[in-house]
Each structure stands twice: as structure tokens, then as C-alpha cells.
Amino acid sequence: MSYLDEWLEAWKTHADYTEVFNVLKDTEVKNLKKSISKFDLIVVLHSVTADSNKWLSDLYEALSKRICPMVLFVGNEYSNPWLSMELRLQNIARISPDIIATQLPQRSGDFLYAGLGAKVIETPHALPLKPPVEFQQSKRELDLGFRGFEYPWFLLDSDRNKILKDVSELYSSKNLSIDVSTTERLDKDDWYSFLRSCKTTVASEGGSNYIFRSDEIWLEALRFLDSLSSRKLLANDFPGAKILRSLPVSFKSNLRSIGKLIGKEQGATSVLPPAVLEEVLSRINVEDYQSVPGKALTSRHLDAIFCGTWQILTPGSYNGVLKAGIHYSEWDEAKSKSVLEEVEEAVHSDRSSRTYEDLIQENSYQSRINKILGRLFS
């Protein structure tokens, strides 16, 4: 989640004066309400909307008192059976931002936020301005490294899970060194350190093949899951969720383990048995609902570029920022030998460093902020 720190630091650097308010703390929300009239701009970052509809709703009273413009970044822009998209859109309309900064390509953002009364601006993640300490490729111990959870089934997208499996198996068959985990995430410093130990990493275009504005797409599948007596799958904003999120990581993990033992767990992080998953997917008819693609560039891609790590990625547009063969190697299972040859050449010639230099001017956090402010005050 390094991008949260990077966006926060970028806005703080851009302004003459800033204050930061943590929406998990009621006292800070109250302080925001008291002091809101003194600001020239309010920026709501991705974390406020990423996993909950409650936090934005809790901010309504404070934000309704503002007299300045507001920019809203939206996190996790995909459809989730346990986090209502309809309610999210209602909350956004209610707080009435002047600008919605979407990670999605412009066409998809325009579809998702149509009718909310805000300017929608495509604002993908970005590169920090200062490059990291140089690490020679020869000093990198791992040929392939990966950290991140498997994509959940409700994204209706198996691209990242498949490319991770395929490339890992290819590297193993060549007796190359790999370090891959789908059960661990790292904090910012450890994540950057891990990437700098890797010659290559692997990923897909982020997000989902489908974004729906309606929750109806999930109703039949959820009714089926509710009919199963083995366990209770909880919505993201279940009673007590706010308290749980404020607890230390180790304590939260213990509570989640206890919850599983008694048959209760969050639906968004649950893993369905193959037979149940097959039955669930048969109840989801994407053709019956209007949707747009939700594929996008992510901070994962740009973190790798920042750390000088070459990437093997699935085919995609990546918000028009990354170009196959120039900024990354495009995965083709049928041509795995030629892909690996290209990767070896890219690593040997340190093309990852040139990728950073090629992209930084137009894709820094400051350039993204300048674009938003230019639209805001135009």
C-alpha cells in the first residue's frame, strides 16, 4: 500500500500548509469539522473509500461545512458483492466533490461516476520524483520475486493468478531463483527493499474485467451463499468492523482466525471451495448488466519501475502509460522461450533504469497533482 504514503507526501510537498486527518479517529473528524473553513482545498485520499462505505458517510457532516473545492480519490474501483457500489455512488453524490480522481481509464471513469455532478479525471498512480539508490542488477539475488494476495473470485478475472503461476513454473523449470508468496504483504520500506532484491517481478493489469454500477448482479449468488449453513460471510461494513480495523495487525489476525473457527469471516477475503465457486459463478450473468472494463495501471507496476525491477506483465493498455517491449516484457505463454530471452536482455542491459527516466517527467506525483489543479481552477 505504498501509494497511500506517496500521495500523502506529494500533496504535503505541493502545498504551503497542510493538515492530515485520520477518519478512523472520531476526534480527528471532529477537528476537521471545526477547522474546515480555513482550508483552500480538501483532498480525500483513496483509503477513505477503498474498503468501506462508512468512512465517507461519516465525513458528510464535516465536509458539508466546507467553503473550498474538494478532490476525491477513489480506491478499489471494482464491484464487490460485500461492498455496495450503489451506496458508494450515493455517498459520493452526497458529499459532492468538485473532482473525482479515478484510477480507471477515462471512459470507464465517466461511466462509473456519470450523473454525480463532478469532473471525472483519469489519475493513475505515479512515480516518486527522486530515484532510489542505485542497485546493480548483478547484486540482485532473486531472478523472480512476488508479494501480494491472489485475486478474489468476484473480480471475475484470473489473469494475475494465472501469470504468476505460469511464470513461476517457467523460472523453476530453468532452475532460476524465485521467492513468491500470496499470503504476505509488506510495508512500504520492506516492499521497496524486496523489489530491489529482484531482477524481475510479475503482474497483470490491475482491477477487473467488469465494473457494474448496480449491486443486482450479485443478488442471486449471495442468496445461494447465504443458503449454505457451514459459515456466515460478512459484509465489509459488518457491525464492529470499524473497531476491528483500528486494532493492531496481530490482534486482527487472531480475531479473524477465531471467527473462521466459529463459521464467520469477511466475504471479501473468503476462499470458496471449488464446487461452491462453480455454483456461485453459474449464478452471475454479466451479459444482463451494463458494465465497462475496470483494468488499470496500479502502484505495483510503478513501484517496480521506481526500484529498477523489470516486469513481466499480461497484455493490456495500462492507462496508456506503459508500452510492451519498451517498459516491460509482455507475457505470451505460447512464446515463453522468446519472452524469457527478452527478459534476460532487458535485465542485462538495465532497461528498467531507462524506463524510469523515460516515464518520470509525465508520470510523477507532482505532474498528476498539477493536472488535477489545472482542471479544478480552469
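Me: Which residues of H17 are buried?

Reply: In this predicted model, the buried residues of H17 are Tyr365, Gln366, Ser367, Arg368, Ile369, Ile372, Leu373 and Leu376. They pack against H1, S2, S3 and strand S4 (119-122).

Me: How do you know that the span of H17 agrees with the number of its residues?

Reply: At 1.5 Å a residue, its 12 residues should span 16 Å, and the end C-alpha atoms are 17 Å apart, so the two values agree.

Me: What makes the buried residues of H1 line one face of the helix?

Reply: The buried residues of H1 are Ser2, Tyr3, Glu6, Trp7, Ala10 and Trp11. Seen down the axis of H1, these residues fall within an arc of 160 degrees, so they line one face of the helix. An α-helix has 3.6 residues a turn, so residues three or four places apart point the same way. The buried residues of H1 pack against strand S1 (42-44), strand S2 (70-73), helix H9 (188-195), helix H14 (299-306) and helix H17 (365-376).

Me: Why is Asn363 called buried?

Reply: Asn363 has a relative accessible area of 8%, and the name buried applies under 20%, so Asn363 is buried. This residue lies in the loop between helix H16 (351-359) and H17, and its side chain reaches the backbone oxygen of Leu359 at 3.0 Å. Not counting residues up to four places away in sequence, Asn363 touches Ala126, Leu127, Val321 and Arg368.

Me: Why does Asp143 count as buried?

Reply: The relative accessibility of Asp143 is 15%; the cut-off for buried is under 20%, and Asp143 therefore counts as buried. Asp143 is found in strand S5 (residues 142-147), where its side chain reaches the backbone nitrogen of Ser177 at 2.9 Å. Leaving aside neighbours within four places in sequence, Asp143 is in contact with Tyr171, Leu176, Ser177, Lys199 and Thr200.

Me: Why is Glu345 called partly exposed?

Reply: Glu345 has a relative accessible area of 39%, and partly exposed covers what lies between the buried limit of 20% and the exposed limit of 50%, so Glu345 is partly exposed. The place of Glu345 is in helix H15 (residues 336-348).

Me: Are Ser96 and Asn319 buried or partly exposed?

Reply: Ser96, with a relative accessible area of 38%, is partly exposed. Asn319, with 13%, is buried, since the limit for that name is under 20%.

Me: How many residues has the largest nonpolar core, and which have the most contacts inside it?

Reply: This core has 31 residues, and those with the most contacts inside it are Ile42, Val44, Leu63, Ile92, Leu112 and Tyr113. The elements that give two or more residues to it are helix H2 (26-35), S1, helix H4 (54-58), helix H5 (60-63), S2, helix H6 (85-95) and helix H7 (106-112). The largest share, four residues, comes from H6. Apart from this core lies another, of 22 residues, among them Tyr192, Leu297, Leu302 and Tyr356.

Me: How many helices and strands has the protein chain?

Reply: The secondary structure of the protein chain comes to 17 helices and 13 strands. Its radius of gyration is 21 Å, close to the 21 Å that the globule rule gives for 378 residues, so the chain is as compact as a globular protein of that length. Of the 378 residues, 51% count as buried.

Notes. Residues numbered from 1 in each chain as written. Predicted model: local features only at pLDDT ≥ 70, side-chain atom pairs only at ≥ 80, totals over all residues. Heavy atoms only, no water. Buried < 20%, exposed > 50% of the residue type's maximum accessible area, 1.4 Å probe, protein only. Arc of directions from axis to C-beta. Contact = heavy atoms within 4.5 Å. Polar contact = N/O pair within 3.5 Å; in protein donor to acceptor, adjacent residues only side chain to side chain. Core = buried A, V, L, I, M, F, W, Y, C linked by side-chain atoms within 4.5 Å. Rg over C-alpha atoms; globule rule 2.2 N^0.38 Å. Expected span 1.5 Å × (residues − 1).
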